Amino acid sequence: MNEISGLPPESPLLDRCPPSLPARAYFDPGWYAAEEKAIWRRHWIYVGRDNDLLPMTMRRLAVGGQNLILVKDRDGNVTAFHNTCRHRGAELCPSDEKSLKSKLIACPYHQWSYSLSGELVRTPFVSATSDFRKEDHGLFRVHVREWSGFLFVCLADDPPDFAAAPDLGPDALDNWPMRNLVTGHTWIKEIACNWKIFWENYNECLHCPGIHPELSEMVPIYSKGYMAPNEAPDWRPETDRHNPVLKAGAKSWTMDGKPCGPEFGGLTDAQRDAGQTFVTLVPTMFIVAHVDYVRVVSLRPLGPERTELKAEWLFLPETLAAPGFNLENVVNFASLVMRQDGDACEMNQRGLKSEKFERGTLMPQEFEVYRFQQWVQGAMEMK
């Protein structure tokens with residue numbers, strides 16, 4: 001038994017109340033700049049669905065404070081580069097998205113042109129000397145990875161193993177038809193808080209009873225401030241029984257609890273009973289897979305105290321095309337929850353600016369918040 005908390009060894013709860021990150025970690029420009037380098041330029045960052053990037057398209061991206069381009073050729077191969085010409089540094093793609101008219105990326109300034117794999121091909125209007133070699137002036141490549149229909153980039157020269165990125169492992173979504181899903185709705189909101197505030201809110205449910213009455217009704221365990229049954233003081237593994245996670249009669253996160261279309265055929269009984277499967281890829285996104293659709297939530301830091309929150313709802317094409325399909329019944333529930341989370345995060349951010357508040361204290365139930373903060377500190381020490 002845990003001598004401090006009295007909980008069984010299987011309990012995830014902390015056996016102490018450790019200090020949180022210092023308040024300045026959430027608004028100090030210097031800290032933010034260090035995180036950009038240590039975290040956002042060294043980990044895999046989600047940049048969109050593969051099937052939303054059309055062939056022969058170039059898309060401008062902002063990742064880790066860097067200006068990038070994502071390129072797809074006619075065969076569906078995706079590459080990424082820094083959005084800078086090797087001549088004098090001009091931006092190659094000045095718009096959010098651009099159709100490619102040929103197999104070349106042409107700089108709009110002096111027309112230096114590159115293949116879609118990044119090699120310098122043409123340098124018009126100049127007389128190069130013998131010391132100039134085209135092969136030395138290709139675009140600066142960025143690592144790209146596709147997983148479950150999602151595209152990721154990593155700015156590090158030596159990127160981490162992607163297999164470790166999803167917290168449930170690279171096979172977590174194999175029972176869902178991920179690559180066949182299409183984007184049915186997108187929701188974007190800018191929230192006035194540091195990006196870490198959102199992740200910390202995501203990693204605990206102590207706030208659920210007060211902030212999320214509708215969600216707490218849909219997922220009854222949340223109404224107790226727990227994320228899972230093993231957080232309860234009287235929980236024992238020998239008495240744990242698998243029960244549906246959602247309220248009686250509900251099968252999915254919709255306003256009426258009913259599936260929006262046919263349920264996916266490859267799911268296990270446990271996945272159907274759960275009604276929700278969360279897969280997290282820190283620092284960039286989390287995925288909530290339901291029996292009938294999948295929701296993706298991604299973050300993009302915009303500054304020390306600003307974060308872009310983006311949600312995408314993914315469906316099978318036949319579900320979207322079915323007569324009577326009600327998109328609002330699907331998106332309104334999670335949109336309400338995310339607005340509530342955004343308001344709570346902004347409230348948290350405002351309170352951190354008190355000169356008296358140096359750092360907080362984490363409670364035993366905030367074990368995932370502690371784990372996240374330890375991850376942040378570890379990444380900063382490795383920079």
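1. In this predicted model, Cys93 has a relative accessibility of 0% and therefore counts as buried. Its sulfur has its closest cysteine counterpart in Cys107, at 11 Å, which is too far for a bond.

2. Cys345 has a relative accessible area of 1% and, because buried means under 20%, is classed as buried.

3. Which cysteines are joined by a disulfide? The bond links Cys205 to Cys208, with an S to S distance of 2.0 Å, and the structure holds one disulfide. Such a link is a covalent bond between the sulfur atoms of two cysteines. The torsion about the S-S bond of Cys205 and Cys208 is about -100°, and the disulfide is therefore left-handed. Both partners, Cys205 and Cys208, are buried.

4. Asp341 deserves a separate comment. This residue belongs to helix α7, which covers residues 327–351. Is Asp341 buried or exposed? With a relative accessible area of 10%, Asp341 falls under the 20% limit and so is buried. Setting aside residues up to four places away in sequence, Asp341 touches Phe198, Asn201, His207 and His212. With one of these, His207, there is a polar contact between side chains, at 3.4 Å. As for Ala228, 113 residues separate it from Asp341 in sequence, and the C-alpha to C-alpha distance between Asp341 and Ala228 is 19 Å.

5. Helix α8 spans residues 367–381 and contains 15 residues. From first C-alpha to last, α8 reaches 21 Å, close to the 21 Å expected at 1.5 Å a residue. Its buried residues are Phe367, Val369, Tyr370, Phe372, Gln373, Val376, Ala379 and Met380. Against which elements do the buried residues of α8 pack? They pack against strand β1 (19–22) and against helices α1 (29–40) and α2 (195–202).

6. Three strands form an open sheet in the order β7-β8-β9, with antiparallel pairing. At its edges are β7 (104–106) and β9 (120–122), each of which pairs on one side only. From one strand to the next, the twist averages 40°. Between β8 (residues 113–115) and β9, the antiparallel pairing extends over two bridges. Ser113 stands opposite Arg122 of β9.

7. A further antiparallel pair consists of β13 (residues 277–281) and β14 (residues 285–289), joined by five bridges. These strands form a hairpin, with three residues between β13 and β14. Leu281 stands opposite Met285 in β14. How many of the five residues of β13 are buried? Four are, and the strand is mostly covered.

Methods
Residues numbered from 1 in each chain as written. Predicted model: local features only at pLDDT ≥ 70, side-chain atom pairs only at ≥ 80, totals over all residues. Heavy atoms only, no water. Expected span 1.5 Å × (residues − 1). Buried < 20%, exposed > 50% of the residue type's maximum accessible area, 1.4 Å probe, protein only. Contact = heavy atoms within 4.5 Å. Disulfide = S-S within 2.5 Å. Pairing = 2+ DSSP bridges. Axes fitted to C-alpha atoms, helices over the stretch in contact; angles between N-to-C directions. Polar contact = N/O pair within 3.5 Å; in protein donor to acceptor, adjacent residues only side chain to side chain.
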